[in-house]
Amino acid sequence: MNRFDIAAKEWDTKPTSQLVAKSTSEIMRENISLEDKEILDYGCGTGLLAFSISDEAKRVTGMDNSAGMVEVFNQKAQDFGFTNIKAVQHNIDNEELPQNTFDIIVTSMTLHHIQNPNDFFIKCKKALKPNGYLCISDLDEEDGTFHEKHKNDGVHHFGFSKAQMAQFYTNNGYTLIYLDDICTLERKNGNFPIFLSIGQI
Ligand SMILES: C[S@@+](CC[C@H](N)C(=O)[O-])C[C@H]1O[C@@H](n2cnc3c(N)ncnc32)[C@H](O)[C@@H]1O
């Protein structure tokens, strides 16, 4: 059992996670149409973001390494009668994604937990349909204090600079169409800005 399995049951009560999901979905909608789209939410957690974009989407698939998160996600879908949304367990560090399948891939607060972000961009490009979008919200570059409570367990990157993000997109053949901060998480140990980036293949 990892720390996300343990956190899953209480995850939806976290104001910071709610704020990132809300800000991400709002700014995504301002920049791209979600209407009738096949969407993958990678590192979906309990689906705070996935559920908030499922209304107009054709289907939202959640993928997450944590069995506990996937279980809470699917229980919510069942309890609230959402029929176009489902999560499956998947580990991007050692598994491939289905090819040429999604119009939009979104990942929120997960890239810093992925061992090799550049491989993630490569895998997503293959998983996207032509002209598809990769949307990523995550921590701006920080000094390791954001996860100090968890002793940086499972944290492979202390956020990302805008320059790093721009390079991941352009080096992998995406056109960057949006990159800016969308909200700030206020914690006792500091204020942490969150960016959203959107690239198109
Ligand atoms: C900080 S949580 C974010 C969850 C959700 N996106 C949200 O914003 O509420 C990070 C998520 O990434 C998942 N994760 C971490 N490493 C992963 C990996 N290698 N493959 C798939 N999911 C991973 C965790 O299980 C966790 O649910």
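**A walk through the model**

Modeller: Just after α6, Gly 173 takes a positive phi of about 85 degrees. The model is predicted, so local features need pLDDT of at least 70 and side-chain atom pairs count only at pLDDT 80 or more, while totals for chains, interfaces and linings use all residues. Residues are numbered from 1 along each chain as its sequence is written.

Colleague: Which residues of α6 are buried?

Modeller: In α6, which covers residues 162-171, the buried residues are Met 165, Phe 168 and Tyr 169. A residue is buried if 20 or more other C-beta atoms lie within 10 Å of its own, exposed if 12 or fewer, and partly exposed in between, with C-beta atoms placed from the backbone. Seen down the helix axis, the buried residues of α6 fall within an arc of 95 degrees, so they line one face of the helix. That arc is taken from the directions from the helix axis to the C-beta atoms.

Colleague: What covers those buried residues of α6, and which exposed residues does the face turned away carry?

Modeller: The cover includes α5 (117-127), β6 (175-187) and β7 (190-200). The face turned away from the buried side carries Ala 163, Gln 164, Thr 170 and Asn 171, which are exposed.

Colleague: How are β6 and β7 joined?

Modeller: They run antiparallel and are joined by 11 bridges. Strands pair if DSSP finds at least two bridges between them. β6 and β7 form a hairpin with 2 residues between them. Tyr 178 has Ile 198 in β7 as its bridge partner. Ile 198 is also the bridge partner of Cys 135, and β5 (residues 128-139) is joined to β7 by 7 bridges, running antiparallel.

Colleague: Let us change topic. Is β1 enclosed or exposed?

Modeller: Of the 5 residues of β1 (residues 38-42), 4 are buried, so the strand is largely enclosed by the rest of the structure.

Colleague: Which strands does β1 pair with?

Modeller: β1 runs parallel to β2 (residues 59-64), with 5 bridges between them, and parallel to β4 (residues 102-108), with 4 bridges. On the β2 side, Glu 38 stands opposite Arg 59. On the β4 side, Ile 39 has Ile 104 as its bridge partner.

Colleague: Which residues have the most contacts inside the largest nonpolar core?

Modeller: They are Ile 39, Ile 104, Ile 105, Leu 134 and Cys 135, in a core of 51 residues. A nonpolar core is a set of buried Ala, Val, Leu, Ile, Met, Phe, Trp, Tyr and Cys residues joined through C-beta atoms within 7 Å. β5 gives the most to this core, with 6 residues.

Colleague: What does Ile 39 touch?

Modeller: Not counting residues up to four places away in sequence, Ile 39 touches Leu 34, Ile 53, Ala 57, Val 60, Phe 102, Asp 103, Ile 104 and Val 106. Contact requires C-beta atoms, placed from the backbone, within 7 Å.

Colleague: One more region: where is Ser 54 found, and is Ser 54 buried or exposed?

Modeller: Ser 54 is in the loop between α3 and β2. Ser 54 is buried, with 21 other C-beta atoms within 10 Å. Leaving aside neighbours within four places in sequence, Ser 54 is in contact with Val 60, Phe 82, Asn 84 and Ile 85.

Conventions: Contact = placed C-beta atoms within 7 Å.
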